[in-house]
Amino acid sequence: MIEKFSPRNTPNRYLYQLDVSKKLAEYRSRIPQVHTLVDYAALVETAVQACKGNHLWVANDLIGYLENPEQAQQEIVSNGHLVTPAAIPVSCYLKTCQWRLRPSRPCLPLLYWQGNYYTRHDFAIGSRRYPRGMRLTAVNSRPVMEVLAQVQDHLTDFDWNRKLFFGNYEEYGDDFYRYLPEWQSKSFTLTFDKAGKTETVVLNPDNSEKFSIDKPKVTAGHIPPAVCYLPEPQLLYIRIPEMQNSRLNFYLSRIREAAAEHEIRAAVIDIRNNPGGSDWAWTKPLALLQTGQENTPLFSAVNDNPDVTRFIARREFSKTDAALSPEELEKVRREYQARPFAFPGGESYLALEETYPPISQECLFKESLPIYLLVQDVYSSAGNLAALAKRSALITSVGFDNPRDIGQGRASILFSLPHSKLIVRTNVWTDFSNCRTPEDTAHFRVEVPVELTPEQLVEYHNREVGNDLPAFLMTRDPFMRKVLELTAQHR
């Protein structure tokens, strides 16, 4: 099913040197060593993670389906999913068991940067205090890269320059050591370099010593929803931490107020650490700022096979396979055209060319505003917005290269495994707009990078915003500093 529906398999073969068929066969060979259904679920979860797809995981958000079976069945049909109703309680139960079996013990937050891991915050164990910014050199006396190689299948975040996975966005962040089997029950010794001196930290599973971390209250990557005008550069700053439709009225009303009261030369949309949500949460505010006429078309690609075509038709017409007519299937086939892409193997996909976001009739300005998009660790719908910068003459992405592939994904399919009843999700669409190489399909490069040393990065993750957001943005935020440099060049 993953090979059939996930469009990332081909580009990932070149990006990560990953053969999904071989990887699944490798995990299939481990099944005889598994003796419980919960352990089998853990094996499947790791196998799915190892395939490195987009929105590819064992589904964990099924509680609504469990509470309202009739609505669940309706949504399964209308969204084109391949889930048997009996799978929903089984998959929920197995995911709950997995969560409960995770060890409850202190863990030390790490921060990855350019091939090294650093302590993210100041912390204390018992009476001993340790500083942020210490560089990790060993885990249980083993070199970091040796340990990292052992857990690659569990990780989602990729260092595009060094060609290695270093963290997991959905679970433990950059704390890769927590995927080692011995983390369940054994003491861990982490060895650090601190200005040329060796520092050793022991993490015990029994919580015998008090463990505390000095986390800042609010940093640049965690600013809450905000819209504020910065008068000196005449910038409208819009902070969107999550793509939530429930916040739409807040953003739309504040943008309209600012447009009526101030002279605005450009806008800044801050989506740092935005995990995604609904595209409406960004297309609607964007429609007030730009017409979208300056964007090139979106090419949404899917795997070229009949099962994918039927899935698209099921979604489009909210019908089961048996209820689809030949005319409805033919309509989908006409919308999507077979198109070869410039991959080394010359692989072909079905592609839909469209104008997205739609052309806006609501723009508040005589001409579309230039927009600077602050990007750091985004995913899903936020990644759709970040990828739009590559198709827009008036949106400039500023920040860090994204550690996972992003781009316009229209929807995912859910399917249940026939025997275990586990429910798996994978994205079916991928964004091949302006793509000439496999690397292009990941859309991870920002147009204007913010370059920081390791020391500066650690401080960035610990610098509190405080009560005066405009002052912070204008004087202490390295992302905004780069925007101010760009706006000064264009005056």
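Predicted model: local features only at pLDDT ≥ 70, side-chain atom pairs only at ≥ 80, totals over all residues.
Two packed helices are described by the angle between their axes and the distance between the axes. For helix α4 (residues 37-50) and helix α7 (residues 87-101), the axes come within 9 Å and cross at roughly 90°. Since angles of 65 to 115 degrees count as roughly perpendicular, α4 and α7 are therefore classed as roughly perpendicular to each other. On the α4 side, the contact involves Leu 37, Val 38, Ala 41, Ala 42 and Glu 45. These residues meet Leu 94, Lys 95, Cys 97, Gln 98 and Leu 101 of α7. By residue class, the contact of α4 with α7 consists of seven nonpolar residues, one polar residue and two charged residues.

Helix α4 also contains Thr 46. The relative accessibility of Thr 46 is 13%, and a residue under 20% is classed as buried; Thr 46 is therefore counted as buried. When residues up to four places away in sequence are left out, Thr 46 touches Tyr 27, Asp 153 and His 154.

Gln 17 is found in the loop that runs between α2 (9-15) and α3 (20-28). With a relative accessible area of 68%, Gln 17 is exposed, the cut-off for this class being over 50%. A polar atom of the Gln 17 side chain lies 3.0 Å from the backbone oxygen of Tyr 14. Gln 17 and Tyr 229 are 212 residues apart along the chain, and a separation of 47 Å is found between their C-alpha atoms.

Strands of a sheet pair through backbone hydrogen bonds, either parallel or antiparallel. In the model, an open sheet is formed by three strands in the order β5-β4-β12, with antiparallel pairing. The edge positions are taken by β5 (128-130) and β12 (211-213). Each of these has a single partner strand, so one side of β5 and one side of β12 are left without a neighbour in the sheet. On average, and with direction ignored, neighbouring strands of this sheet are turned by 15° against each other. The pairing of strand β4 (residues 123-125) with β12 is antiparallel and extends over three bridges. In one of the bridges, Ala 124 is partnered by Ser 212 in β12.

How values were computed:
Residues numbered from 1 in each chain as written. Heavy atoms only, no water. Axes fitted to C-alpha atoms, helices over the stretch in contact; angles between N-to-C directions. Helix = DSSP H or I, 4+ residues; strand = E, 2+ residues; numbered from the N terminus. Parallel < 35°, antiparallel > 145°, perpendicular 65-115°, else oblique. Contact = heavy atoms within 4.5 Å. Nonpolar A, V, L, I, M, F, W, Y, C, P; charged D, E, K, R; others polar. Buried < 20%, exposed > 50% of the residue type's maximum accessible area, 1.4 Å probe, protein only. Polar contact = N/O pair within 3.5 Å; in protein donor to acceptor, adjacent residues only side chain to side chain. Pairing = 2+ DSSP bridges.
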